[in-house]
Amino acid sequence: MNLYNTLDIASSGLAAQRKRVEILAENIANAETTRTPEGGPYQRRRVVFEGRPPREGFQIALRDAQASGVRVAEVVTDPSPPERRYLPEHPDADAEGYVAFPSFNPVEDMVDLTAAVRGYQANLAVAGAVRDMINRTIEVARG
Amino acid sequence: MDVARFSRITAPELIAESKSKAASAAAPAQDFKGLLAEGMAKLDALESEASSQVQALMQGEPVELHRVVLAGEEASLAFDMMLSVRNKVVEAYQEVMRMQV
Amino acid sequence: MLTQGTLRAARYLDLLSMRQRVTASNIANADTPGYRTRALDFDSALDEAMQRPAKRPTFEPQVRELGGLAVKNDGNDVVLDRELRNLSETAIRFSHALLVMRGGIRQLRQAIQEGRGA
């Protein structure tokens with residue numbers, strides 16, 4: 001293993017956190033979406049992270065299997081029931097005049113978004129530090 | 001100055017010493033050639049080690065960058081060393097040739 | 001050919017590179033459920049490296065779970081601030097060790113070149 005593999009780990013973190021931000025943005029954008037191709041209101045989604053060994057398919061020593069990157073294992077749909085609002089005028093209203101809206105928790109999503117941005121920045125800091133280490137090492141060869 | 005020390009050196013000892021000096025001076029002619037060959041072999045080993053490390057790095061094998069740099073520097077130092085030795089030898093040779101016997 | 005000091009610096013760089021990889025892993029997995037902060041057994045590996053600076057490493061330090069940190073609801077105990085601090089510290093130590101290695105090489109080169117054509 002070397003510094004380039006460490007850079008791989010950082011970029012896996014960047015990719016995972018970016019995916020998380022995308023999904024969160026989708027949730028926020030669809031907070032009021034009552035109609036989807038699948039039918040019914042939009043359902044909130046969230047990412048599930050899992051550790052991954054660095055450089056899959058590569059021969060790696062045992063100790064290195066313990067230092068790993070991350071990936072989005074799956075994107076799961078929030079099972080919580082839709083929020084029913086009484087809006088008889090709404091085209092999607094049911095017989096009783098209720099409209100099913102996505103269950104939306106703005107506080108939770110904003111907290112999650114803040115954490116995702118922070119995580120992204122931390123991985124960016126790793127990439128920067130490692131890039132600096134690589135450059136300094138190459139400078140030694142220049143005398 | 002301790003004059004007594006000199007008086008202790010007897011003639012046979014001096015002769016023996018100068019004889020052994022002459023012998024050791026004759027031997028290096030052989031040794032130097034061996035030394036040079038050994039040095040060249042070591043240099044060759046270092047060069048091939050350095051280039052195999054560079055190749056490993058290029059192929060994405062997990063070699064540490066600073067190790068590759070160090071191997072390269074070591075090979076280049078060995079090369080400089082050989083060059084210095086060679087220059088010294090040539091210099092010494094020319095010096096000898098200029099000597100008026 | 002290389003001095004002991006230079007070889008020591010190189011071994012120290014090996015360890016710092018490994019340590020940075022562990023920190024990168026902790027940061028990447030800061031939100032991975034069940035992930036526990038990992039740490040390199042740095043001190044014992046360092047002792048070993050300083051005693052026997054070899055051209056090739058003979059002993060591989062172990063990575064273990066650190067423990068002792070507050071575990072969140074999802075079973076993760078990574079503290080980003082702690083990892084970011086380690087990140088900078090390791091990077092700084094790395095650049096210092098590089099200077100030592102570079103100094104050792106330069107010194108040797110000067111010693112060799114001093115004798116050239118003099």
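## Close-ups of a predicted three-chain model

**View 1. Here are the buried residues of helix α4(B).** Start with the list: Leu65(B), His66(B), Arg67(B), Val68(B), Val69(B), Leu70(B), Ala71(B), Glu73(B), Glu74(B), Ala75(B), Ala78(B) and Met81(B) are the buried residues of α4(B). Keep in mind that everything shown in these views is a predicted model. The helix itself has 34 residues, which should span 50 Å at 1.5 Å a residue, and its end C-alpha atoms sit 49 Å apart, so the two values agree.

**View 2. Now take in chain B from end to end.** Of the 101 residues in chain B, buried ones make up 16%. The chain averages a pLDDT of 77, and 70% of its residues score at least 70.

**View 3. Chain C meets chain B here.** This contact takes 15 residues from chain C and 13 residues from chain B. On the chain C side, α1 and α3 are the elements that give two or more residues. Which of them gives the most? That's α3(C), with six residues. Sort the chain C side by residue type and you get eight nonpolar, four polar and three charged.

**View 4. Chain C meets chain A here.** In this view, 27 residues of chain C are in contact with 32 residues of chain A. The elements of chain C that give two or more residues to this side are α1 (4-28) and α3 (80-114). Once again, look for α3(C): with nine residues, it gives the most to the side that touches chain A. As for residue types, this side of chain C divides into 15 nonpolar, seven polar and five charged.

View 5. You can count three helices and two strands in chain C. Read from the N terminus, the order is α-β-α-β-α. Buried residues account for 39% of its 118 residues. Take the contacts in chain C between residues at least 6 apart in sequence: 76% of them join residues at least 24 apart. For confidence, the mean pLDDT of chain C is 87, with 90% of its residues at 70 or more. Within the chain, the lowest confidence is in α2(C), at a mean of 75, and the highest is in α3(C), at 93.

**View 6. Zoom in on helix α1(C).** This helix has 25 residues, and its first and last C-alpha atoms are 36 Å apart, close to the 36 Å expected at 1.5 Å a residue. Is α1(C) largely enclosed or largely open? Out of its 25 residues, 22 are buried, so the rest of the structure largely encloses α1(C). Pick out Leu13(C): leaving aside residues up to four places away in sequence, it touches His66(B), Phe94(C), Ala97(C), Leu98(C) and Met101(C). You've already met His66(B), one of the buried residues of α4(B).

**View 7. Here is the largest nonpolar core.** In soluble globular proteins, nonpolar side chains tend to be buried together. The largest core in this model has 51 residues, and those touching the most other members are Ala10(A), Val126(A), Tyr12(C), Leu13(C), Phe94(C), Ala97(C) and Met101(C). Which elements each supply at least two residues? They are α1 (3-29), β1 (45-52) and α2 (106-141) of chain A, α4 (65-98) of chain B, and α1, α2 (42-51) and α3 of chain C. The largest share is eleven residues, and it comes from α1(C).

**View 8. Last stop: Pro79(A) in its loop.** You'll find Pro79(A) between β2 (69-77) and β3 (83-86) of chain A, in the loop that joins them. Is Pro79(A) buried or exposed? It has 8 C-beta neighbours inside 10 Å, so it counts as exposed. Now look across to Pro37(A), 42 residues apart from Pro79(A) along the chain: the two C-alpha atoms are separated by 18 Å. For the model as a whole, the scores are ipTM 0.87 and pTM 0.80.

Conventions
Residues are numbered from 1 along each chain as its sequence is written. Chains are lettered from A and ligands numbered from 1 in the order in which they are written. This is a predicted model: local features need pLDDT of at least 70, side-chain atom pairs count only at pLDDT 80 or more; totals for chains, interfaces and linings use all residues. Two residues are in contact if their C-beta atoms, placed from the backbone, lie within 7 Å. Helices (H or I, at least four residues) and strands (E, at least two) are DSSP runs, numbered from the N terminus. Ala, Val, Leu, Ile, Met, Phe, Trp, Tyr, Cys and Pro count as nonpolar, Asp, Glu, Lys and Arg as charged, and the others, Gly among them, as polar. A residue is buried if 20 or more other C-beta atoms lie within 10 Å of its own, exposed if 12 or fewer, and partly exposed in between; C-beta atoms are placed from the backbone. The expected span of a helix is 1.5 Å times one less than its number of residues. A nonpolar core is a set of buried Ala, Val, Leu, Ile, Met, Phe, Trp, Tyr and Cys residues joined through C-beta atoms within 7 Å. pLDDT is the predictor's confidence in each residue, from 0 to 100.
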